[in-house]
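Me: I'm new to this one and would like to go through it slowly. Can we start with the charged pairs and then move on to helix packing?

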Amino acid sequence: MLRLAPPGFERFLQSPQFVATFGGGEANVAVAIAGFGGQSRYCTFLPANNPIVDAFAGELRRFGVEPHIVRSKGRFGIYFVEPGANQRPSKVVYDREGSAIALAKPGDMNWDDALSGAAWFHTTGITPALSQSAAGLAVEAVQAAKAKGAIVSVDLNYRKNLWKYGKAAKEVMPSLVKSTDFVIANEEDVQTALGLQAKVDVHSGELDRNEYRNLAETVLNAYPNLKGIAITLRESYSASRNGWSACYHDGKDFLLSRRYDITHIVDRVGGGDCFGAGLIFGLMNLPTSQDALEFAVAASCLKHSIPGDFNRFTRDEVEGLLKGGGSGRVQR
């Protein structure tokens, strides 16, 4: 997608300009994994003969991501972000109706080509929110990935402003999760996307971590195909200050990460995607699930410090934070 945001912390059209960058759930994950030193490919549908698409593909390559783009009918999706501050929340306005990915349908992607050599396939709940045909395409994608022997992960990523075509998320997302190995979510995603109730309050700012073990076990019991679930734990005191941590359950062990007190959020958009990328990279490359969880939370913590969707931190920088380098002192 094309991301349009007012400069700094201005409101929409406070001044007559927008800062244009690229972003989107799966693209954010692909960019972050490449930044950590992994190999990643981004598969999507975008309009033909469009210079904005050409610029987007070039941007992906600059970050080390291989674009696998099917040029098709439709338009380039856009979303607008108004960054929040203090007690003013961030706002997102989507403009995605009629986009190429929303018009795409099962059978439009050659999955043998798209998934060639893939060890891991990741998608989110944003694509199936766009249209009935995109939902069918997402289910086809995870099933094709499983058939080719790839590990599959899904970030539930519930976005209420996108589910407009007559289907509720809890009618669609279980079909994806049934073909999935790992789920990434927050407590609201589990309740709205899967219809599983939790005794947690997403607006209180305080978290009862014991309830998250119960929540994770509820999901694992409902979907015995899952090998693990990661749940991000955000304590939202204001738009500018959050507590940030996560938990992970693999059916045997329940793990909790270190907690970070993020006292000055520059941009939280893309933070969850960076967490997902860190978890995927960690599970593939680090010795233990605890190591993967800690890497994911630290990477996402750092992502909160820069504007834009894309992560711009390396593996070494994330590991520097894990080793205690979070003081913010100038590095000379």
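Reply: Let me begin with a term: a salt bridge is a side-chain nitrogen of Lys or Arg within 4 Å of a carboxyl oxygen of Asp or Glu. Please keep in mind that this is a predicted model.

Me: How many salt bridges does the structure hold?

Reply: There are 15 salt bridges in the structure. One of them pairs D309 with R3, with the closest N and O atoms 2.8 Å apart.

Me: What about D54, which residue does it meet in a salt bridge?

Reply: The side chain of D54 meets that of R71, at 2.8 Å from N to O. Since D54 belongs to helix α2 (residues 51-62) and R71 to strand β4 (residues 65-72), the pair ties together parts that are 17 residues apart in sequence. D54 is partly exposed, with a relative accessible area of 43%, and R71 also counts as partly exposed, at 37% relative accessibility.

Me: Which residue forms a salt bridge with D95?

Reply: That partner is R75, and the closest N and O atoms of the two are 3.1 Å apart. D95 sits in strand β6 (residues 91-95) and R75 in the loop between β4 and β5 (78-82), so the pair ties together parts that are 20 residues apart in sequence. D95 counts as partly exposed at 31% relative accessibility, and R75 is partly exposed with a relative accessible area of 26%. Elsewhere, salt bridges that share partners join R3, D267 and D309 into one network.

Me: OK, helices now. How do the axes of α1 and α9 cross?

Reply: The axes of helix α1 (residues 25-36) and helix α9 (residues 271-285) come within 8 Å and cross at roughly 50°. Angles from 65 to 115 degrees count as roughly perpendicular and those under 35 as roughly parallel, so α1 and α9 are oblique to each other. Their crossing is right-handed.

Me: Which residues make the contact?

Reply: From α1 the contact takes in G25, N28, V29, A32, I33 and F36, and from α9 it takes in D273, C274, A277, G278, I280 and F281. By class, the contact of α1 with α9 has eight nonpolar, three polar and one charged residues.

Key: Residues are numbered from 1 along each chain as its sequence is written. This is a predicted model: local features need pLDDT of at least 70, side-chain atom pairs count only at pLDDT 80 or more; totals for chains, interfaces and linings use all residues. Side-chain values use heavy atoms; hydrogens and water are left out. Helices (H or I, at least four residues) and strands (E, at least two) are DSSP runs, numbered from the N terminus. Buried means under 20% relative accessible area, exposed over 50%, partly exposed in between (1.4 Å probe, protein chains only). Axes are lines fitted to C-alpha atoms, for helices over the stretch in contact, and angles run from 0 to 180 degrees between N-to-C directions. Angles under 35 degrees count as roughly parallel, over 145 as roughly antiparallel, 65 to 115 as roughly perpendicular and the rest as oblique. A crossing is left-handed if the near helix is turned anticlockwise from the far one by less than a right angle, and right-handed if clockwise. Contact means heavy atoms within 4.5 Å. Ala, Val, Leu, Ile, Met, Phe, Trp, Tyr, Cys and Pro count as nonpolar, Asp, Glu, Lys and Arg as charged, and the others, Gly among them, as polar.
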